[in-house]
Structures are given as structure tokens and as C-alpha cells.
Amino acid sequence: MGRPSIVVTDDDPLVADAITRDLRQRFGADYRIVRTTSGAEALDVVARLSLRDEPVALFVTDQRMPQLTGVEMLARARPQAPDAKMLLLTAYADTDAAITAINDIGLDYYLLKPWDPPEERLYPVVEDLLDDWRREHPEHASVVRVVGHRWSDRSHEV
């Protein structure tokens, strides 16, 4: 099984690059960091990951995006990745939407932009969310994968 994914979504390429860079620097050894630039692209990525039975550990998405807000994207992604943690990047003006999303879609955390320095504002939040996800999914921490026929007695023994 591959590494669990962190799906990053922001329509501003500079912001998407910055958050992806920061996350790769700290979490890239243990998680696949997938950068997307729209809600539709993120939903497509999540659908492909779901089809391959590859887990999404965390969504990090901006609230203000054209066509699909961050909260709308997270609500649509929830059926494909029901256990993924959700982090919403917001501006001060979006805090009401974030607070509503906590109740409506189970948003785990919202973070005001900018998140500099990441060592103080971003990494502790992401570490807490990923620690919670790992505790709930210990099977994804293993490095052994048995490949065999689904109904084989021998495969189940191994």
C-alpha cells in the first residue's frame, strides 16, 4: 500500500505552491502531497485515489475559490474519503463559513492565512490532525502488503 495522501487545494498557484512546499518539507517522507488548483480537480483526484483504495489522510483547502468553495469541495469529497481530516484555509472574513462548516460537515480545523511561520502556525495543527488520523487507521502504518487471490485460503493465512 502506498503512502496516505494529503490533498492540497488552492486556486492561487503561488499559495498552492507555498503550502505544498511547506507540507512536503515536513511531511513528505510519510505522506504523498497532492497539489490541486480547483475543487473539481481535487474531487477528481480523490475519486481516483478511492478507486485504487489509497487513503486520504488530510484535506487542506482554501475557502475562497471560484465555482466551488472549500467547504463545498470538502462536503462533496466526504463520501469518497469519509475518515480524512479536513483543514480549511481562510481569510478573516471567512471565519463564519468555517464555524458553520464545523457543525455542517465536521470540519476539523480552520487556519487563518497566512500561516507564517509554518513551524509555529501550520505544522503543529497538521501534526495533531495526522496523529489523530493515524490512531484511527493503524493498518495504514504497516509496510507489508500481501498480494494474492481474494478468496484464497493461503492468502488469508499469510
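The legends below describe close-up views of a predicted model.

Because the model is predicted, local features need pLDDT of at least 70 and side-chain atom pairs count only at pLDDT 80 or more, while totals for chains, interfaces and linings use all residues. Residues are numbered from 1 along each chain as its sequence is written, and side-chain values use heavy atoms, with hydrogens and water left out.

**View 1. The salt bridge between K113 and D62.** A salt bridge is taken here as a side-chain nitrogen of Lys or Arg within 4 Å of a carboxyl oxygen of Asp or Glu, and in this pair the closest N and O atoms are 2.9 Å apart. The two residues lie 51 residues apart and link distant parts of the chain, with K113 in the loop between β5 (109-112) and α5 (118-121) and D62 in strand β3 (residues 56-62); helices (H or I, at least four residues) and strands (E, at least two) are DSSP runs, numbered from the N terminus. K113 is partly exposed at 30% relative accessibility, whereas D62 is buried at 5%, where buried means under 20% relative accessible area, exposed over 50%, and partly exposed in between (1.4 Å probe, protein chains only). D10 joins D62 and K113 in a network of salt bridges.

**View 2. Salt bridges of R48 with D44 and of R21 with D22.** A search of the whole structure finds 12 salt bridges, among them the one in which the side chains of R48 and D44 meet at 3.2 Å, N to O. R48 and D44 are separated by about one helical turn, because they stand 4 residues apart in helix α2 (residues 39-51). Both are partly exposed, R48 with a relative accessible area of 42% and D44 at 40%. In the pair formed by R21 and D22, the closest N and O atoms are 3.3 Å apart, and D22 is buried, with a relative accessible area of 5%.

**View 3. The largest nonpolar core, with 22 residues.** A nonpolar core is a set of buried Ala, Val, Leu, Ile, Met, Phe, Trp, Tyr and Cys residues joined through side-chain atoms within 4.5 Å, and in the largest one the residues with the most contacts inside it are I6, L23, V60, L87 and L122. At least two residues of this core come from each of β1 (5-9), α1 (13-27), β3, β4 (85-90) and α6 (123-136), with α6 giving the most, 6 residues. Residues up to four places away in sequence being set aside, L23 touches I6, V8, G28, I33, V60, L122 and V126, contact meaning heavy atoms within 4.5 Å.

View 4. I19 is buried, at 0% relative accessibility. Leaving aside neighbours within four places in sequence, I19 is in contact with V8, V60, L89, W115 and L122. I19 and L122 are 103 residues apart along the chain, yet their C-alpha atoms are separated by 9.2 Å.

**View 5. The crossing of helices α1 and α6.** The two axes come within 11 Å and cross at roughly 60 degrees, the axes being lines fitted to C-alpha atoms, for helices over the stretch in contact, with angles from 0 to 180 degrees between N-to-C directions. That angle makes α1 oblique to α6, since angles under 35 degrees count as roughly parallel, over 145 as roughly antiparallel, 65 to 115 as roughly perpendicular and the rest as oblique. D22, L23, Q25, R26 and F27 in α1 meet Y123, V126, E127 and L130 in α6.
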